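Dear colleague,

Please find the structure below, together with its sequence. My notes on what was found in it follow.

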Amino acid sequence: MKIVFILPDLRGGGAEKVCINLATDWVAKGHCVKFVLINKKGEYLKNIPKKIKIISLKKKKLRQIFFPLLTFFRNDRPDVILAQMWPLTSITVLAWLASFKKGKLFLVDHVHLSSSVEKEIFFPKKIFKLIVKLTYLFSNKIIVVSNGVKKDLVEISNKLNKKIKVIYNPLIKKKKLKIKNKKSLKIKIWGKNIKYRILSVGSLKIQKDHFNLIEAFSLLKFQKKCRLLIIGNGPLKNKLKKFIKIKRLENEIIFIDFKSDLQIYYETADLFVSSSKWEGFSNVIAESLGYGLPVVSTDCKSGPSEILKRGRYGELVPIENSKKLALAIEKNLHKKHDKNLLKKRSQDFAISKISNKYLKLIKNER
């Protein structure tokens with residue numbers, strides 16, 4: 001099949017990683033895969049296999065991409081289109097309709113849309129709901145990454161219920177690292193005399209609520225023995241650094257720019273913490289389980305609770321509650337965890353399983 005992924009760009013986000021993982025698997029299975037980007041930029045560009053063609057629309061604004069997309073559909077005639085992330089999904093629907101429905105169109109939503117629109121995009125909610133109602137029904141299917149995301153879309157329009165399919169995000173099989181001396185590697189990454197190593201990965205934006213995480217860290221009784229690594233880039237970086245200064249935690253909390261390969265951080269951490277106000281799935285939680293790394297997460301809408309099976313595979317705490325987050329961090333740093341149980345749970349998200357679910361849905365859709 002000729003399969004096309006439509007994305008804004010390939011910056012370091014969960015949706016982008018999912019697309020690359022699926023595309024890599026499908027190319028290996030003999031399918032022809034292309035990425036159509038609004039702009040050719042991002043940390044993940046170097047992770048794209050050579051067999052995958054990247055097409056840049058070279059536009060700065062979403063409203064400029066309708067005609068370039070329409071032209072692409074007419075000329076390329078793909079069999080399958082996978083459009084990611086609203087409002088790009090709705091614009092793709094319009095361009096696809098104007099091309100007289102060239103190929104099958106699947107819309108993929110990776111976040112709890114209502115929360116994102118209200119708290120981050122600041123788009124008028126009534127207009128957003130109207131756009132979704134008017135465009136999403138025309139697609140062949142809507143793929144969402146958790147039951148919580150599905151529930152949110154169905155609340156916008158119950159007519160979408162039959163079109164929605166829940167498919168969790170895939171994890172690629174991790175490489176085996178040859179670590180000669182794990183103790184020296186820990187010192188190199190985390191520093192000397194560190195007893196507890198806490199990892200958090202995510203864009204530095206409102207959604208991830210790193211302010212709550214920093215506040216919780218400041219409440220730890222043994223913080224001087226801890227180090228918190230926050231890996232990610234984003235608009236709130238300077239404000240977060242100022243907040244850390246106010247808390248006098250410059251030596252205990254370290255920021256690291258996002259990297260496409262985070263394996264050494266997962267391998268050497270003692271605990272993973274997610275402090276998000278909302279999610280769609282949360283790849284980083286699933287990835288942590290794959291390394292047998294214990295997880296503490298906020299019980300936000302909508303992915304973490306599903307991944308952790310309501311607390312069976314990790315601890316869940318209320319959002320925006322730094323005291324409860326701090327208590328959960330302390331408890332889990334001292335607790336003995338069954339790493340094999342965590343790794344076993346991560347196998348439910350193996351790329352082989354998730355990839356086949358996508359392909360089955362695509363092939364069965366007429």
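In these notes, a residue is called buried under 20% relative accessible area, exposed over 50% and partly exposed in between (1.4 Å probe, protein chains only). This is a predicted model, in which local features need pLDDT of at least 70 and side-chain atom pairs count only at pLDDT 80 or more, while totals for chains, interfaces and linings use all residues. Residues are numbered from 1 along each chain as its sequence is written, and side-chain values use heavy atoms, with hydrogens and water left out.

Backbone geometry

Most residues other than glycine have a negative phi, and most peptide bonds are trans. N193 is not a glycine, yet has a positive phi of about 55 degrees. With a relative accessibility of 76%, N193 counts as exposed, and its place is the loop between α7 (182-190) and β8 (196-201). Helices (H or I, at least four residues) and strands (E, at least two) are DSSP runs, numbered from the N terminus.

M85, also not a glycine, has a positive phi of about 70 degrees. M85 is partly exposed at 22% and lies in the loop between β4 and α3. P87 is found in the loop between β4 (80-84) and α3, and the peptide bond from W86 to P87 is cis, with omega near 10 degrees. Another cis peptide bond joins K301 and S302, with omega about 15 degrees; S302 sits in the loop between β12 (295-298) and α12 (304-307).

Buried positions

S99 lies in the loop between α3 (88-98) and β5 (104-109) and is buried, with a relative accessible area of 0%. A polar atom of the S99 side chain is 2.7 Å from the backbone oxygen of W96. Not counting residues up to four places away in sequence, S99 touches L70, F73 and R74, where contact means heavy atoms within 4.5 Å.

I52, in the loop between β2 (32-37) and β3 (53-56), is buried at 6%. Apart from neighbours within four places in sequence, I52 is in contact with A23, T24, V27, V33, K34 and F35. D25 belongs to helix α1 (residues 14-28) and counts as buried at 17% relative accessibility. Its contacts, again leaving aside neighbours within four places in sequence, are I351 and S355.

Helix α8 (residues 210-218) is largely enclosed by the rest of the structure, because seven of its nine residues are buried. These are H210, N212, L213, I214, A216, F217 and S218.

Helix packing

How do α3 and helix α5 (residues 125-136) pack, and at what angle? Their axes are 9 Å apart, at an angle of about 40 degrees; axes are lines fitted to C-alpha atoms, for helices over the stretch in contact, and angles run from 0 to 180 degrees between N-to-C directions. That makes α3 oblique to α5. Angles under 35 degrees count as roughly parallel, over 145 as roughly antiparallel, 65 to 115 as roughly perpendicular and the rest as oblique. The contact is made by T89, S90, V93 and L94 of α3 and I131, T135 and Y136 of α5.

The axes of helix α11 (residues 283-290) and helix α14 (residues 339-346) come within 7 Å and cross at roughly 130 degrees, which makes α11 oblique to α14. A286, L289 and G290 of α11 meet L342, K343, R345 and S346 of α14.

With kind regards

Notes: Polar contact = N/O pair within 3.5 Å; in protein donor to acceptor, adjacent residues only side chain to side chain.
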